[in-house]
Amino acid sequence: MAAGFGLVLAICLFAALPAGPVLADDLADLLERELREASLPQAEEEASLQQDNDALSTGAIGEGTAVPLAPAAAAPAEGGPAVTSIRIGDHGDQTRFVMELSGDVPAEYRVFTLSDPFRVVIDVKNVPFRLVEEPADKHKGFVSGYRYGRFEADTYRVVLDATQPVEVSRDFVLDPQAGFGRRIVLDLASTDLASFNAKAGLPASAEPAAPAAAIAAVPVSPPAERLERRRVVVIDAGHGGVDPGTHGRSGVQEKAVVLAFAKQLAGELRASGRYDVHLTRDSDIFIPLRERVSIARRHKADLFISIHADAIQKPNVRGMSIYTLSENASDAEAAALARKENQSDLIAGLDLQGESPEVTGILIDLAQRETKNYSSRFAKTVVDHASQKTATLDPAHRFAGFVVLKAPDVPSVLIELGFLTNPDDEKQLTSPTWRATMAKTLSRSVDRYFGDRLAEGPN
């Protein structure tokens, strides 16, 4: 269904996802060491030897540095099979580590643990690392960090540093689907020290195990179209036509700024080949708020993104923010903004805010818990990526009662690109260069969001 509410099957051990504070009142429309110097003093050389001995069992030393413990093979050809993405998910009682591979190559790997300190080691055969995406925060859940590098001529090693004794409760491979490459997935769970030490140690065999698919086949039995079809993203450019939205000091109108950005983002997502992308409007026309939500539902959207630009009486306030549905606005400014945006329907003479509080409460209660969680998770992903490229509010993820977020079965967010009332933000929002950069950034956020969901199992 639109938001991917199929049951999370056996592949997902995280049935009890925490309920984010994401539901609200009015929203139904919218909705990424080098080797030591040879000439060390004698005193340092002994310490170096001990470190290198440890490297023989861990396969990597410095953060992201390779340790050439075997004769270096020829550099892997660009564009060939590679590990291109690493993701870490904290699910409370378990931590999920995902590596995505490009190309349709077998995922041959082995996993083992080492003690003192606590580590989880993954050896991957014949697939080098050319990461285009890593988590901004490498300390999540039971993982305090990781490093990777070439271990042998045809083997690459990843070492996860654990915060405590852990066990690999599951490891498996997900085949390519919905535009994402093959993924190696590890689930780490807490264990006691005695159990950890009993299992820790180098494996008896020096060879990686058989292809992972043969090691741990994952029972998958969702509808075929759920796995094969491309995900549907609906992008909503706010306002339009007789509703110009807010405006900047230069006179630029919100409706024009957000339409230009929506088109740029749609282009980025389409270029990836992973998504079917639809715009609620691609010209200067007025569309009622609830009709925007209806458009998303007619397209069976898996994600709804509403694009807006902000305004406030304080010209020094600037930065991007992202809203998800909440029963109460997260602060007074969010509440005022929600009231302003929700009045848009009145401009066309259609007051769609006439539901009684009782009916509104029922609609909110009917909103799927999964939808709220997924909306919040996408919002967090956007904040993680966007905060590295542009100014963001603090906090950047907020909650309000926007009508366009109210679809109960479509994860939906409303993104305020910045403040047209701030001169720096206004300059950015009207800059083709900034627009292109942020469209790429949000596109990577969409990739990350759907990649994480696929790694959790069919949905």
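User: Where is P395 found?

Analyst: P395 is in strand β14, which covers residues 392–400. Keep in mind that this is a predicted model.

User: What kind of peptide bond joins D394 and P395?

Analyst: The bond between D394 and P395 is cis, with omega about -5°. Most peptide bonds are trans.

User: Which kind of peptide bond runs from D116 to P117?

Analyst: That bond is cis, with omega near 5°. P117 belongs to the loop between β3 (109–114) and β4 (119–125).

User: And D116, what is its phi?

Analyst: Phi of D116 is near 55°, which is positive although the residue is not glycine. Most residues other than glycine have a negative phi. D116 also sits in the loop between β3 and β4.

User: Is D116 buried or exposed?

Analyst: D116 has a relative accessible area of 72%, and the cut-off for exposed is over 50%, so D116 is exposed.

User: What about N126, what is its phi?

Analyst: Phi of N126 is near 65°, again a positive value in a residue other than glycine. N126 lies in the loop between β4 and β5 (129–133). Its relative accessible area is 47%, so N126 counts as partly exposed.

User: Let's zoom out. How many helices and strands does the protein chain have?

Analyst: The protein chain has 12 helices and 15 strands. It has 459 residues, and 53% of them are buried. The accessible surface comes to about 19,400 Å², with 54% of that belonging to carbon and sulfur atoms.

User: In what order do the five strands of the open sheet run?

Analyst: The order is β5-β1-β2-β9-β8, and the pairing in this open sheet is mixed. At the edges are β5 and β8 (166–174), each of which pairs on one side only. From one strand to the next, the twist averages 25°.

User: In what sense do β1 and β2 pair, parallel or antiparallel?

Analyst: Strand β1 (residues 82–90) and strand β2 (residues 94–102) are antiparallel, and eight bridges join them. In this pairing, D90 stands opposite T95 in β2.

User: New topic. Which residues have the most contacts inside the largest nonpolar core?

Analyst: They are I235, I305, I415 and V446, in a core of 37 residues. Several elements each supply at least two residues of this core, among them β10 (231–237), β12 (303–310), β15 (412–419) and α12 (432–456). The largest share, eight residues, comes from α5.

User: How many residues are in the second, separate core?

Analyst: The second core has 28 residues, including I122, Y146, Y156 and L186. In soluble globular proteins, nonpolar side chains tend to be buried together.

User: You mentioned Y146. What sits over its ring?

Analyst: The charged end of K138 does, 4.8 Å from the centre of the Y146 ring.

User: How many aromatic pairs are found in the whole structure?

Analyst: The search finds 10 aromatic pairs. One of them is F118 with F196: the ring centres are 5.1 Å apart and the planes are at 85°, so this pair is edge-to-face.

User: Where do F118 and F196 lie?

Analyst: F118 is in the loop between β3 and β4, while F196 is in helix α2 (residues 193–199), so the pair ties together parts that are 78 residues apart in sequence.

User: Are those two residues buried or partly exposed?

Analyst: One of each. F118 is partly exposed, at 22% relative accessible area, whereas F196 is buried, at 2%.

User: Why is the pair of F261 and W434 tilted?

Analyst: Their ring centres are 6.3 Å apart and their planes are at 40°, so the pair is tilted.

User: What is the relative accessibility of F261 and of W434?

Analyst: F261 is at 1% and counts as buried. W434 is at 10% and also counts as buried.

User: Last one. Which residues form one aromatic cluster?

Analyst: The cluster is formed by Y275, Y374, F378, Y449 and F450.

Notes
Residues numbered from 1 in each chain as written. Predicted model: local features only at pLDDT ≥ 70, side-chain atom pairs only at ≥ 80, totals over all residues. Heavy atoms only, no water. Helix = DSSP H or I, 4+ residues; strand = E, 2+ residues; numbered from the N terminus. Buried < 20%, exposed > 50% of the residue type's maximum accessible area, 1.4 Å probe, protein only. Areas by Shrake-Rupley, 256 points an atom, 1.4 Å probe, with all protein chains shown as cover. Pairing = 2+ DSSP bridges. Axes fitted to C-alpha atoms, helices over the stretch in contact; angles between N-to-C directions. Core = buried A, V, L, I, M, F, W, Y, C linked by side-chain atoms within 4.5 Å. Phe/Tyr/Trp six-rings, centres within 6.5 Å; stacked < 30°, edge-to-face > 60°. Lys NZ or Arg CZ within 6 Å of the ring centre and 35° of its normal.
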